[in-house]
Amino acid sequence: VWLTGFTQMLDWRMFFMRLADELRCQHFGAELIFTRDAEVGRPLLTDRLLRQPLDYLLWFFPHPVVRETLATAHDHGIRVVCVTDSTHEWPYPQYRLDHGAARRQAVACWHAEGIKQAVIARADETAATETELTRLLTQHGIACRFAPTPHQSWEPFFASCRGDARTVTVFDDALLSALACQVVPQAMVALLRDHRVYFENSVDLARSLQQGLRVDVAVFDWDSLVTRIVADLVVGHGTLPRQPLPVRSRWHGQIPVTDLPASAYA
């Protein structure tokens, strides 16, 4: 488990906790093994994993640098299972999180409602790269403008997000949106109140701040994913997906933040 993601992102945290609880209910010895950026892909992490009495190793969002780590675990008889969010190929059973359909719905909705510009939040100035979402926006005639947050300088970032009724602010980086909600919650509340905003994860604001706020959002049914993984592991290796199993997020347009599936955890 990537430690930064677990501590900063509500969706991740609840997913892992629920998965571990459900596996224990099925008499699995479920342990969360946390990793830091500095050790990912290094022999020390591989050695630490091999010292554990593991039957299964479930890796959430594996980066290509851990390919050798997973291969070594597999060679030692550990059954590797992945939850991914990309098209990287892995020779193991995997559940592939997919925002594609939800993004297409979102962009089609914005186009129909006269949105002309998308302000896209980025962690730094070098991240203004083309993505599936920016390609969709361009195809629908919606201009893209990147808004960086260098060194987490939030005030100029939120100032740059202000637009007219034909502008949507896009947070397609789940970690960045979670940090913004936690570090400058009042600024995020003001943005949600006065502008159209799109998230690709739950809105991690305290319940007391959520009233009256609406958001465009693509969210996964994390509970269903937990249920599917647990069922596959309980039945055995033969039921794990032989091909990447798509897990598709659902689009909600201008839904009250208090109605989001994960908001009850906040």
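How many aromatic pairs does the count come to by the ring-centre rule? The count is 20 aromatic pairs, where rings of Phe, Tyr and Trp (its six-membered ring) pair if their centres lie within 6.5 Å. The model is predicted, so local features need pLDDT of at least 70 and side-chain atom pairs count only at pLDDT 80 or more, whereas totals for chains, interfaces and linings use all residues. Residues are numbered from 1 along each chain as its sequence is written, and side-chain values use heavy atoms, with hydrogens and water left out.

**View 1. Phe-15 and Trp-222 form a tilted aromatic pair.** The ring centres are 5.4 Å apart, with 55 degrees between the planes; planes under 30 degrees apart count as stacked, over 60 as edge-to-face and the rest as tilted. Phe-15 belongs to helix H2 (residues 10–25) and Trp-222 to helix H11 (residues 222–235), 207 residues apart. Helices (H or I, at least four residues) and strands (E, at least two) are DSSP runs, numbered from the N terminus. Both Phe-15 and Trp-222 are buried (under 20% relative accessible area, with exposed over 50% and partly exposed in between; 1.4 Å probe, protein chains only).

**View 2. Phe-60 and Phe-61 form a stacked aromatic pair.** Phe-60 is buried, with a relative accessible area of 8%, while Phe-61 counts as partly exposed at 23%. Both residues belong to one aromatic cluster, whose members include Phe-6, Trp-12 and Phe-34.

**View 3. Strand E4 (residues 117–122) pairs with E5 and E6.** Five of the six residues of E4 are buried. Six bridges join E4 to strand E5 (residues 143–148), and these strands run parallel; two strands pair if DSSP finds at least two bridges between them. Arg-122 stands opposite Pro-148 in E5. Four bridges join E4 to strand E6 (residues 167–171), also in parallel, and Val-119 has Thr-169 of E6 as its bridge partner.

**View 4. Six strands form an open sheet with mixed pairing.** The strand order is E5-E4-E6-E7-E8-E10. E5 and strand E10 (250–256) stand at the edges, each with a single partner strand, so one side of each is left without a neighbour in the sheet. Five bridges join strand E8 (residues 214–219) to E10 in antiparallel fashion, and the partner of Val-215 in E10 is Ile-255.
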